[in-house]
Amino acid sequence: MIQVRALSKLYGKKSVVEDVTVDIQPRKITSFIGPNGAGKSTLLSMVSRLLDSDTGEVLIDKADVKKMKSNDFAKKVSILKQSNYMNVRLTIRELVSFGRFPYSKGRLTEEDVRIVDQSLEYMHLTDMQDSFLDELSGGQRQRAFIAMVIAQDTEYILLDEPLNNLDMKHSVQIMKILRRLVDELGKTVVIVLHDINFASVYSDRIVAMKDGKVVKDGPTEEIIESAALKEIYDMDIPIQKMDGCRICVYFSS
Amino acid sequence: MKKRYLLLALIVLSAASLFVGVSSISPLDLLDFQSEETQIFLISRLPRLVAILLAGAGMSIAGLIMQQLSRNKFVSPTTAGTLDATRLGILVSMLLFANATMLEKMAVAFVFALAGTFVFMQILDRIKFKDAIFIPLVGLMFGNILSSVTTFFAYRADVIQNMSAWLQGDFSMIMKGRYELLYISIPILIIAYFYANRFTVAGMGEDFSKNLGLAYRRVVNFGLILVALVTTTVVLTVGIIPFLGLIIPNIISIFKGDHLQKTLPHTALLGAIFLLVCDILGRVLIYPYEISISLMVGVIGSGIFLYLLFRRKAYA
């Protein structure tokens, strides 16, 4: 379990994340939603140690993340940031192999090779494993990055807006894969999402943030609800139930 | 671009290089150890070849590491002020110690090369506008500022003549006893190879490196130390060889990608081959005179550099 305790981050005098306390349940998809500038990405960066917090602490399985060794941490938690701007010309296979870096420092063992093969297979990238990343489409590249994270084999997977710049087909594809990671491999997935309908259909729990604070935190059906959404987005959003999914019809509200 | 072919080319060119020159030496002459030809061979030709190979491989690897760590394909010791900082360091060592030994010069020049490179990396961190072509321009400006400082003090101290030896790369002065410093490149190349995976990860950015548990800052700093060491030894023994660290890694990257553990050997080999070709051409074109290596590399290298720039534009 990830426990965030009274976490804050200041940029100058402005607090971007303010006294956030939240628990992230294991073996679930937890989505962070909220308006732009709510502090979702900053929070995720602090949980994954990319950014130092000013006050408060993050505990992962009861251990303070600040006290963990970088390498041990990299075997427990992985993070993908929203822009994977990469200038480096690597093939898909080479990239995915670097997912094993925390374990083998690049000198792959037989087990590493096996895990890399499996990850490629899992993301349906085996056929194109020798293509260079800069020759791929956005959706393929995102799949390659997720394959790398799978190879990293961490219990916790954090993704900052993984659907950015992806079309509908690829977005659905990525979300289905994340669902499988949780249901089949028992991973804990935390995502920052902009599209509340993706959050509604695919996540187990939703944490809503606004102005650096957590305003709502609970199972999906409690958050995807007109009154709660009004509080988060200041919009009247009707909810339609379709095939067991709760869809927010916010386009004309 | 197979390693086998590169190696073959390197061996053929090396042999050619050994037997090209003002005094003709044939392989048969070498059978007589006492002959004048054998002496020239051992004192001049062989050291020259070794120097070319080490400088070529060293500068290319230095460029490769810099490009990876700065995440910019147009950064190299030429375009990041490293070479100019090294020259300023050599001047300072000459002014501080009247008769500086090679090692003293080396130490001072190394400190300057390292400081110069760090300053450039700091500038890089602060630039918001990360355009691929804008960054090397900033580096060139930074280098020119350092260079003008060097020229100013060299002029005041009346050592311009002396300094120009380090301005122009030149292999004709390489002789036994004057190039051995270059051997430092060998352990550095080996260390670079062992760090190749770390450099590759660092090249994917700070967040990415941290995710994989890599001590990002430490790896970047270590890489820059290697770059400064190689650059210093090359500038001190041979002089400035422009563009080499820029174009060789780019050519290899186009064909083989950026997985350093796989591309380091190719880059080192191609660097040595390219420098050998330039050197042999420089020796043959106006025989029995010689065109300095920095001019040869400058002309051919800037041509290739322009080609890479335009190619980049077309694909961007």
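The model is a predicted one, in which local features need pLDDT of at least 70 and side-chain atom pairs count only at pLDDT 80 or more, while totals for chains, interfaces and linings use all residues. Residues are numbered from 1 along each chain as its sequence is written, and chains are lettered from A and ligands numbered from 1 in the order in which they are written. Helices (H or I, at least four residues) and strands (E, at least two) are DSSP runs numbered from the N terminus.

**Strand 9 of chain A and its partners**

- Strand 9 of chain A runs parallel to strand 3 (residues 29-33) of chain A, and four bridges join them; two strands pair if DSSP finds at least two bridges between them.
- With strand 10 (residues 213-219) of chain A, strand 9 of chain A pairs in the antiparallel sense over six bridges, and R205(A) stands opposite P219(A).
- The hairpin of strands 9 and 10 of chain A has two residues between the strands, and D211(A) takes a positive phi near 50° there.

**The open sheet of chain A**

- An open sheet of four strands in chain A has the order 2-1-4-5, with antiparallel pairing.
- Its edge strands, each pairing on one side only, are strand 2 (14-24) and strand 5 (63-64) of chain A.
- Strand 1 (residues 2-11) and strand 2 of chain A run antiparallel and are joined by seven bridges; L7(A) stands opposite V20(A) in strand 2 of chain A.
- Helix 1 (residues 40-47) of chain A lies across strand 1, strand 2 and strand 4 (55-60) of chain A, at about 120° to strand 1 of chain A. Axes are lines fitted to C-alpha atoms, for helices over the stretch in contact, and angles run from 0 to 180 degrees between N-to-C directions.

**Chain B**

- Chain B contains 13 helices and zero strands.
- The radius of gyration of chain B, taken over C-alpha atoms, is 20 Å, close to the 20 Å from the globule rule for 316 residues, so chain B is as compact as a globular protein of that length. The rule is 2.2 Å times the number of residues to the power 0.38.
- The C-alpha trace of chain B spans about 65 × 50 × 35 Å along its principal axes.
- Of the 316 residues of chain B, 49% count as buried.
- Among contacts (C-beta atoms, placed from the backbone, within 7 Å) in chain B between residues at least 6 apart in sequence, 78% join residues at least 24 apart.

Methods:
Contact = placed C-beta atoms within 7 Å. Buried ≥ 20, exposed ≤ 12 C-beta atoms within 10 Å, placed from the backbone.
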